[in-house]
Amino acid sequence: MVEQHLSVLPILLPLLAAPIAIIIGRSYLSWMVATIASAGAFIFSWQLLLAALSEGVISYAVGGWPPPWGIELRVDAANAFVLLAVSSVSTLVLLYARDSIQKEIDQSQHALFYTAHLLCLAGLSGILLTGDAFNLFVFLEISSLATYTLVSLASDRRCLTAAFRYLVMGTIGATFILIGVGMLYMKTGTLNMLDLAERIHVYDSSRTINTGLAFIMVGVSIKLALFPLHAWLPPAYTHAPSAVTAFLASTATKVAVYVMIRFIFTIFGAEHVFHEMGMDIILMVLAIVAIFKCSYMATVQSNVKTVLAYSSVAQIGYMVLGISLVSVTGLMAGMIHIFNHALMKGALFMAVGAVFYRVGSVDIKAFNGLGRQMPLTMAAFTLAGLSIIGVPLTVGFISKWYLVTAALEQDQWVLAGLVLLGSLLAVVYIGRILEAAYFQKLPDNVDASKIKEVPLLMLIPMWILVLANIYFGIETSITTEAAGSAAEWLFQHTRLPEVAQ
Amino acid sequence: MNFILDYYNYWIVVFLMMAGFYIVISANNLVKKIVGLNIFQTSVFMLYISMGKVSGGTAPILVEGVTQYSNPLPHVLILTAIVVGVATTAVGLSLIVRIKRAYGTVEENEFENKDDAI
Amino acid sequence: MLLLDIISSILLIAGVFFGLSGAIGLFKFPDFFTRVHAASVTDSIAAILIIGGLLLQTSFDLNTAKLLFILLFLMITSPTASHALAKSARHGGLLTLAENKVKKQEHTSHG
Amino acid sequence: MAEIIDLVLLAMLALTALRVIFLKDLFAVVMLFGIYSFLSALIFVNLDAVDVAFTEAAVGAGISTVLMLGTLALTGRKEKPSKHSSFLPLVVVFVTGAALIYGTLDMPPFGHPDNPVHEHVAPRYIEESPKEVGLPNMVTSVLASYRGFDTLGETVVVFSAAVGVIALLGVRRKEEGETPESGLKEHHVLRVVAKLLIPLVILFALYVQFHGDFGPGGGFQAGVIAAAAFILYALVYGLPHSFAVIGPRFLQILAPIGVLLYAGVGLFSMYKGGQFLDYNMLAEDPIAGQHYGIIIIELGVGITVFAVMLSIFYAFASQAERSNVQ
Amino acid sequence: MTPVLAAVCIAILIVMGIALARACTSPTVYDRILGVNMFGTKTVLFIAASGFLMGRPDFLDIAIVYALINFIGMVAVLRFFEYTAPIE
């Protein structure tokens, strides 16, 4: 019973739990519902990944209608892998949120927060699992609407303008995707991704298909905050409640990266996108500019959440860089970084949220002297920060390692050098915060006895993520195997440019 | 002439889309931005519906003696998309109401000045 | 059958005539209240005539019922809307042309 | 003939859109947006998309316009002149527009019956759906059965909109509802007429709900129309009266119930051994099963949409009324 | 019969165009509303007539929705003017 429906359950569980959570309406109970549903989704997605690794592809025809007439859910190693990252982070964030939102969100809105979180999770899972281009748009909008709500729940008024900007940009992005999908549909007459991939090749040089591709790429780039379309991300991440930022930073943009991978490799074919359209050059340039520009921006901000938000944009640059290398190793590096970045950014934002919980500010000055007052939180921050930098024995090192390997495979020495140089900038912006935490004194006007460790329920999820950072940094076989087979699978099922082979 | 007749619909739709898009990115007033967003989306819907039309066909509801129907699939997609559009509009407008309460204005350049950057 | 068609055509054309004249009145009349008059009166008569003309083309089925429903609906809502609009304009302080003239004269005579 | 009508309507649309760009009076902008929606719905009728036209008229011209007016009542009517340079937006728009025009050049010509969209997936819907699903309205068949998962997503989107609006604007509690008698109390004719119309409108909503299998309509449209009836009531008689009939708390329970009803059908079909939302499993006879399934999920959609639209309106109207009192 | 119906449709379209012009360029707010309202009622008639022209008169439901929405829009506008002064 369960095995038969494994592909639909990770979507269904949060989808059903969301209405229940709002009907219950009480903070504690809806938290229980949300956490259980999310944990369930995590367990199912774990099983799904195992099944996908052993079976290759799992197809599930919703409504019993065979594709392309009905909507198909199509699971392979790639999306099961990302889904695992999303559902695990979601579960940990929900555990963490219980205490964290007490300080940041009004009591009467807690049930709404959990409902929106569940809706967002359901939307993201739907995007990942669906095998239908239009269905993807619908789930994209579910997750986006829930995200706007989540961002605007904070008490600071600036979250409202951030959410509004996010809404306008996000809707433009979604509409662009809609236009693109419409053009593909117009030429091929189908919406099923696999069917699209089969029928699209007849029209490789068609102006309509190419325009469709361009619109989809721009739309997805807005959603994943690729430079220069990232303007919505820093304000949204800065002003959202901490638990929301931790969740969004580690999942929402990653799912958009996955959408980009799916469109490029499964639907259009790498051959067409990279070889004939020359998108690899564009993506590579944008990725490198993103890495440097946004890493630099991160070094000059005073709000720690903004620092980390810009760092996120830079890290997305690494993922896109991996894709743009058009090789199995490059794609694998991108996929690994999707997973790893979720681990590190989740931990970092949770630590920052913990600081906000005690100090009430996330300005860099507020970190002064916290190394002594909140040793566990700051230790977590330090370890995750080292991971962002890419220090060996952390997951960050693994991502960078594969990225550099991929660059060197193609003799792109300059590129490899640039990746390492980007890490140096990360040393600067993480280092500033660590300096404040460990080498500055607690300001005199602050009562030291009030600044102590955060509740256990916040520390445990944070440390689970930190330990995962280290565990997956040493025991690399799991992630590399999953990401590797995902990348290989994607490459086997796409038409390749001759150059890369 | 045939060429123009074949594409007239699409071109006007593109023009409408761009009119909406222009309002979204150029308007300073948030309500107008939302109106622009709606115009933009509605025009995209027209693109979809245009491609579903069959000349000489009729609405896809079965009647006796008719064999030529327009394509029902774009209609279904757009029904969903309209709902998505109104949902976004509702959330956007309520954000505007809150912004007005918090800042006292809904002009983008005015509330930008009221907070420090970011 | 032919007779019904002819009557129906006459009704339709008459309806369209009233509709057009109302539209012209919308531009030609001097002040708001006369324009309301032009719009609302022709709205009603055009609706009656056109829907009446269409009624004659149905074969007394569900469509007839729907047409009658539309007619009823328009007959109720259209004058109500015009009435409420004019009333609201009156309360809002809009004056008729004649009143405006009087006001102007008072203004000039006082000044 | 259809082509000429199409041409004229599109030209009117273009005019309206142009006018909206330059108008500074936001009230006029919203009015013209209402016209824009009406016109696009007319185009949808003309292009045979009757269900879409139904929805666009009810949602775009109805709900959206009312909500926009509600927002304007709170934020003011005038757009201030901006010092923004309009150069960059123009460039972006021209580039995008040029890309789109370039894209149209290889598009299949408008209306040709041998375009790819009419030759691949769709023929099965047109030829088989009356036999497989058993409904004359193919749009309903595709919407509710073949692409039922999309429609579940759509219902959830509506539900998330309600979550968002309630989170942002809040639900008014009964205790503070001591606002004075509101509504259009000066307009006696309007009050009588509204009282006369509302039952008719609700009756019509029920007709649309259950006739959607045979003609244009369905759960979504019915939900909007039913909500429109209550919106009319609230507009004419004031919110307190409307709250007495259907309170916001009740709606907050009703909205999720619709989603659960829809998903419940899917779960039940899983329990019966089919895939998620496989209505064939709901009864011995697949056609009957499809019929049961579609009726129930349409009901779910209708309930959610009704509850969500009305509670969104309540949220906006409460805000407006509160600010009016102050 | 068809030519008459076609002529009627075109004539109603013209009326709609005039009403639209009124709504776009109008001396007072009330004129604008009047134009919008007239536009609405004429669309109802247009849908009814074009349904007969196209041979699918069973879409009169849409005309009903139009009439309804048009009325509600009017009421909403009147209500709106309780909050803001209509004349600038």
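Helices (H or I, at least four residues) and strands (E, at least two) are DSSP runs, numbered from the N terminus. The structure described here is a predicted model, in which local features need pLDDT of at least 70, side-chain atom pairs count only at pLDDT 80 or more, and totals for chains, interfaces and linings use all residues. Residues are numbered from 1 along each chain as its sequence is written, chains are lettered from A and ligands numbered from 1 in the order in which they are written, and side-chain values use heavy atoms, with hydrogens and water left out.

Confidence comes first. The score is pLDDT, the predictor's confidence in each residue, from 0 to 100. Chain A has a mean pLDDT of 89. In that chain, 98% of residues reach 70 or more. Residues 497–501 of chain A are another matter: there pLDDT stays under 50. For this stretch the model has nine contacts beyond four places in sequence, where contact means heavy atoms within 4.5 Å. Where pLDDT is low, the predicted coordinates should not be read in detail.

Next come the chains. Seven pairs of chains are in contact, and chains B and D share the most contacts. Chains A and C are not joined by any contact. Their closest C-alpha atoms lie 34 Å apart. Chains B and C also have no contact between them. In that pair, the closest C-alpha atoms are 15 Å apart.

Most residues other than glycine have a negative phi, and most peptide bonds are trans. The peptide bond from A:Pro67 to A:Pro68 is cis, with omega near 5°. A:Pro68 sits in the loop between strand E1 (58–61) and strand E2 (72–75) of chain A. A cis bond also links A:Phe227 to A:Pro228, with omega near 0°. A:Pro228 belongs to the loop between helix H8 (207–224) and helix H9 (233–239) of chain A. A:Ala225 lies in the loop between H8 and H9 of chain A. Its phi is positive, about 60°, although A:Ala225 is not a glycine. A:Ala225 counts as buried, because its relative accessibility is 0%. Buried means under 20% relative accessible area, exposed over 50%, and partly exposed in between (1.4 Å probe, protein chains only).

D:Asp48 is not a glycine, yet has a positive phi near 75°. This residue is found in the loop between H2 and helix H3 (50–75) of chain D. D:Asp48 has 9% relative accessibility and so counts as buried.

Two packed helices are described by the angle between their axes and the distance between the axes. Axes are lines fitted to C-alpha atoms, for helices over the stretch in contact, and angles run from 0 to 180 degrees between N-to-C directions. In chain D, helix H1 (residues 2–22) packs on helix H2 (residues 26–46) at about 160°, with the axes 10 Å apart. H1(D) is therefore roughly antiparallel to H2(D). Angles under 35 degrees count as roughly parallel, over 145 as roughly antiparallel, 65 to 115 as roughly perpendicular and the rest as oblique. H1(D) passes H2(D) in a left-handed crossing (the near helix is turned anticlockwise from the far one by less than a right angle; clockwise would be right-handed). The residues of H1(D) in this contact include D:Leu9, D:Leu13 and D:Val20, and those of H2(D) include D:Leu32, D:Tyr36 and D:Ile43. By class, this contact has 15 nonpolar, three polar and two charged residues. Ala, Val, Leu, Ile, Met, Phe, Trp, Tyr, Cys and Pro count as nonpolar, Asp, Glu, Lys and Arg as charged, and the others, Gly among them, as polar.

In chain B, helix H1 (residues 2–26) and helix H2 (residues 30–52) pack at about 160°, with their axes 7 Å apart. H1(B) and H2(B) are therefore roughly antiparallel to each other. Their crossing is left-handed. Among the contacting residues are B:Val13 and B:Phe21 of H1(B), and B:Phe40 and B:Leu47 of H2(B). The contact of H1(B) with H2(B) has 15 nonpolar, five polar and two charged residues.

Two helix residues reach other chains. A:Lys187 lies in helix H6 (residues 158–188) of chain A. A:Lys187 is buried, with a relative accessible area of 11%. Beyond its neighbours within four places in sequence, A:Lys187 contacts residues including A:Tyr203, D:Asp106 and D:Pro116. C:Thr80 lies in helix H3 (residues 62–91) of chain C. At 4% relative accessibility, C:Thr80 is buried. Leaving aside neighbours within four places in sequence, C:Thr80 is in contact with D:Val189, D:Leu190, D:Val193 and E:Phe71.
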